[in-house]
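Please look at the model below. A few questions about its labels follow.

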Amino acid sequence: MNKTIGYFLVGVPLFLGSCGTEAQPAEESMDAVEQEMEEGPDVEAQAGEKNGAADAPEARSGEASPLLAKGEKTSFAFNKAGEFPIHCEPHPDMQMTVIVEEGADISGEGAVEIAGFAFAEKSLTIAPGTVITWTNQDDVKHNVAFD
Ligand SMILES: [Cu+2]
């Protein structure tokens, strides 16, 4: 009995010791795996959204959406840093500016309502790669045109 207990007592610290040293890297790698798994679906979701807005043309001067009836949407991808002045072709007084710069709070995707003969945002600062979707809420047709 004593030999068994002794062996057991000796064995436990060894076991704990080996377990302790191995457990931490294992947990770290598990965290890394979990983070990768967490990032995985997000990346896929973003890719999916981009695919969903894959039709979204690159925002650039001279580009313009079709006229949007009430409830219709249009999307543009902003991949390059810079300022993008926007207006509505039937109503040139309707204006806004999208500012694209690294580190902006808005990334991935953003939305702007068009209502009351105005873009809901006068100025919108977004990170490169963001897709902005405009939705017309007016009975009158509007569009999104780049100066
Ligand atoms: Cu308009």
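Predicted model: local features only at pLDDT ≥ 70, side-chain atom pairs only at ≥ 80, totals over all residues.

Q: What makes residues donors to the copper ion?
A: Donors are N, O and S atoms within 2.8 Å of the metal (3.2 Å for Na, K and Ca); water is not among the atoms, so sites may look incomplete. Cys88 (SG), His91 (ND1), Met94 (SD) and His142 (ND1) coordinate the copper ion at 1.9 to 2.7 Å. Their spacing in sequence is C-x2-H-x2-M-x47-H.

Q: Why is the arrangement around the copper ion called tetrahedral?
A: Four donors count as tetrahedral if all angles lie between 85 and 135 degrees. Here the four donor atoms subtend 87 to 133 degrees, so the arrangement is tetrahedral.

Q: Why is Cys88 called buried?
A: Buried means under 20% relative accessible area (1.4 Å probe, protein chains only). Cys88 has 0%, so Cys88 is buried.

Q: How do you know whether Ser65 is buried or exposed?
A: Exposed means over 50%, and partly exposed lies in between. Ser65 has a relative accessible area of 6%, so Ser65 is buried.

Q: How do you know that S2 and S7 pair?
A: Two strands pair if DSSP finds at least two bridges between them. Two bridges join strand S2 (residues 82-87) to S7, and the strands run antiparallel. His87 has Ala145 in S7 as its bridge partner.

Methods
Residues numbered from 1 in each chain as written. Heavy atoms only, no water. Tetrahedral: all angles 85-135°; square planar, octahedral: opposite > 155°, others 65-115°. Helix = DSSP H or I, 4+ residues; strand = E, 2+ residues; numbered from the N terminus.
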